[in-house]
Amino acid sequence: MTNTKDAMTNIDRHHTTPRMSKIVSFGDLIFLCGQTSGGTDLDTIELQTKEALRRVDTLLAEVGSDKTRILSALIHVKSMDDFQGMNAVWDAWVPEGCAPARSTVQSTLASPQLLVEVTIVAAKAVAI
């Protein structure tokens with residue numbers, strides 16, 4: 001894990017490579033890079049969506065947040081024919097009363113095997 005901090009702006013970056021960071025936080029905001037199923041062995045929109053959301057959960061937990069703190073989500077699907085299947089998984093995953101602002105678009109993804117990618121902006125957990 002790479003964690004770098006820019007002292008001048010309080011930007012924290014986690015899992016940083018020359019191309020991107022998996023997590024960037026600024027103030028009380030958390031930005032996740034697009035999460036996919038990562039591999040090509042999951043061949044349905046439902047399985048890929050579950051895996052992408054599992055990865056979202058893991059990254060948010062790493063910085064002390066969770067899916068109840070998600071502010072917005074941008075979802076890319078390879079085909080809008082998969083919209084209903086993706087939504088079934090999404091709806092079961094989002095806690096009641098915690099639905100974020102959300103957009104879903106059809107996109108060409110980085111690999112032909114990928115069916116969905118989820119990008120999240122969340123708030124840090126409130127310190128008690």
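**Exercise 1. Arg54 and its partner**

Determine into which class of accessibility Arg54 falls, and then describe how Arg54 is linked to Glu51.

*Solution.* Arg54 has a relative accessibility of 44%, so Arg54 counts as partly exposed, where buried means under 20% relative accessible area, exposed means over 50%, and partly exposed lies in between (1.4 Å probe, protein chains only). The model is predicted, with local features needing pLDDT of at least 70 and side-chain atom pairs pLDDT 80 or more, while totals for chains, interfaces and linings use all residues. Residues are numbered from 1 along each chain as its sequence is written, and side-chain values use heavy atoms, leaving out hydrogens and water.

Glu51 and Arg54 form a salt bridge (a side-chain nitrogen of Lys or Arg within 4 Å of a carboxyl oxygen of Asp or Glu), and their closest N and O atoms are 2.6 Å apart. Both residues belong to helix α1, and because they are three residues apart there, about one helical turn separates them. Helices (H or I, at least four residues) and strands (E, at least two) are DSSP runs, numbered from the N terminus.

**Exercise 2. The lining of the largest pocket**

Name the element that gives the most to the lining of the largest pocket, and describe two of the lining residues, His15 and Met20.

*Solution.* A pocket is an open set of points on a 1 Å grid over the protein atoms alone, with a 1.4 Å probe and protein on both sides within 12 Å along at least five of seven lines; lining residues have an atom within 4 Å of a point. Helix α1, which covers residues 45-62, gives the most to this lining, with three residues. Arg55, already met in the salt-bridge network, is one of the lining residues.

His15 also lines the pocket and sits in strand β2, residues 11-16. Although His15 is not a glycine, its phi is positive, at about 55°. With a relative accessible area of 23%, His15 is partly exposed.

Met20 and Cys33 are likewise among the lining residues. They are 13 residues apart along the chain, and their C-alpha atoms are separated by 7.9 Å. Met20, at 43% relative accessibility, counts as partly exposed.

**Exercise 3. Sequence and space**

Compare the separation of Glu62 and Gln113 in sequence with their separation in space, and say where Glu62 lies.

*Solution.* Glu62 lies in helix α1, and its relative accessibility of 32% is why Glu62 counts as partly exposed. Along the sequence, 51 residues separate Glu62 from Gln113, whereas in space the two are 28 Å apart, taken from C-alpha to C-alpha.
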